[in-house]
Amino acid sequence: MIGITIVSEQDGWLQRSRPSSAMRHFCETHRFSLDVFDYDMHTFEDLLDYMDFQEYEHYLFILQGEGERTLRLVAYLQQQMLHVQFHLIRAEGDIVFGQPDFLNGLELPLIFEDEKLVLPIVQNELLSLMTGVHRYASLFQPQPLRHVYIEDSSLLNRIPASFFTSMTVNSIVYFDHPMRHDLPIIELMSRTPVLLAFVDTLSPPLETRLDVLSRAELARQLERWKDTGWIQNERFAGILDYATQAGLKNSHRLFFFEDGIYADRQKTDRLSSDISLMVEQRAGQLEAMATPKELELFPLLYQLAGSFSGESRFVTPYSDLELPRTIGRIGPLTLIGIQNEEGYFAFDLTSMQLFETNEAFLWILEADQKEQFDVLPERLGADYAEAIRYYKELMYHE
């Protein structure tokens, strides 16, 4: 059996690529298996199990973009599965690994849409490591191991290799020192194709960009947001160990220090004093400060607040604003309103884009979120019809 998959790589991050209709037709015609891997969810062990179950004879990776880590992944699979012949070619047709002569002269339809990643993925994932917040946290329980913090590369000699193969393919091993390639790191890279990051990967250093709040201060900020909608953030990218402090019940990270394995960067929850033991991420031990939906949304609002000068007031169903907060079941939240000294804005959670708007739009947005449209005619007066038309155009593309 022959398998084919298409992968995009940027800054070491792998992204599944949608095959073209021509590629799908090619694989159907020649009875090749066309796979689309989710590198954010599958671990290295998952890939090996899948390949073994499918009983492939040949497997071809087609690469778009960079390729250093894709090559390491293909070489790792080949080393682990000698009975399968792995191959890697670029979308332009250049052979990077293997010798795909098994195609017997068949011409692959190597024309793809440009699907390069545009978001600073590695930066966001390093923030996820330090804050404990992950975009898939509410979807999958328990979470797979995604990110690992290591105080110093010398500790690698004591950490079981199985820790790294149980991580998702898209995951980061972060070392709390500047970049270096000493023997322990070289051995790790040769053994498992993990993505490595160091203190100097980001400038300025990551931890200088994180706010450190006590549990009491975080609770005060959460209550103020729910009571008034207002959040103040002095340009910080996030809150260190937010998930642990707030009591979120999912964990996707581990921290290795000389004195043991911890669930958080601030070393408040030690999982083992022996880093050579296999441990699992532990769910938060502290009582949750708010509902899961509120706790999941607040870090994004806090980050958005740091993008503006002064304080920002957010329009969501969870805060008392012009209308009281919503009690009970709330439908999918797609848009967040923002008011501050710089103006009126809306943030689209689907596209992750910010656009400028006006005060009337935020009034209607709040009424829509809280299903209290009856207040709008009096509030908007003579501008009611025009304001509603503008709102519908932006919200529903009418």
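A word on the source. This is a predicted model, in which local features need pLDDT of at least 70 and side-chain atom pairs count only at pLDDT 80 or more, while totals for chains, interfaces and linings use all residues. Residues are numbered from 1 along each chain as its sequence is written, and side-chain values use heavy atoms, with hydrogens and water left out.

To return to Glu-223, its side chain meets that of Lys-226 in a salt bridge, at 3.2 Å from N to O; the term requires a side-chain nitrogen of Lys or Arg within 4 Å of a carboxyl oxygen of Asp or Glu. Both residues belong to helix α7 (residues 215-228), where they are 3 residues apart, about one turn of the helix. Helices here are DSSP runs of H or I with at least four residues, and strands are runs of E with at least two, numbered from the N terminus. Lys-226, at 9% relative accessibility, counts as buried.

The structure holds 22 salt bridges. Another of them joins Asp-241 to Arg-253, with the closest N and O atoms 3.1 Å apart. Asp-241 lies in the loop between β12 (238-239) and α8 (242-246) and Arg-253 in strand β13 (residues 253-257), so this pair ties together parts 12 residues apart in sequence. Are these two partners buried or exposed? Asp-241 counts as buried, at 0% relative accessibility, and Arg-253 likewise counts as buried, at 2%.

Asp-320 and Arg-325 also meet through their side chains in a salt bridge, at 3.2 Å from N to O. Here Asp-320 is partly exposed, with a relative accessible area of 26%, and Arg-325 is partly exposed at 23%.

I turn finally to the strands. Strand β17 (residues 335-340) runs antiparallel to strand β18 (residues 343-348), and 6 bridges join them; strands pair if DSSP finds at least two bridges between them. A hairpin through 2 residues connects β17 to β18, and Asn-340 has Gly-343 in β18 as its bridge partner. Next, β18 is joined by 4 bridges to strand β19 (residues 353-356), again antiparallel. Phe-347 stands opposite Leu-354 in β19. This hairpin has 4 residues between its strands, and Met-352 in the turn has a positive phi of about 60 degrees.

Thank you for your attention.

Methods. Buried < 20%, exposed > 50% of the residue type's maximum accessible area, 1.4 Å probe, protein only.
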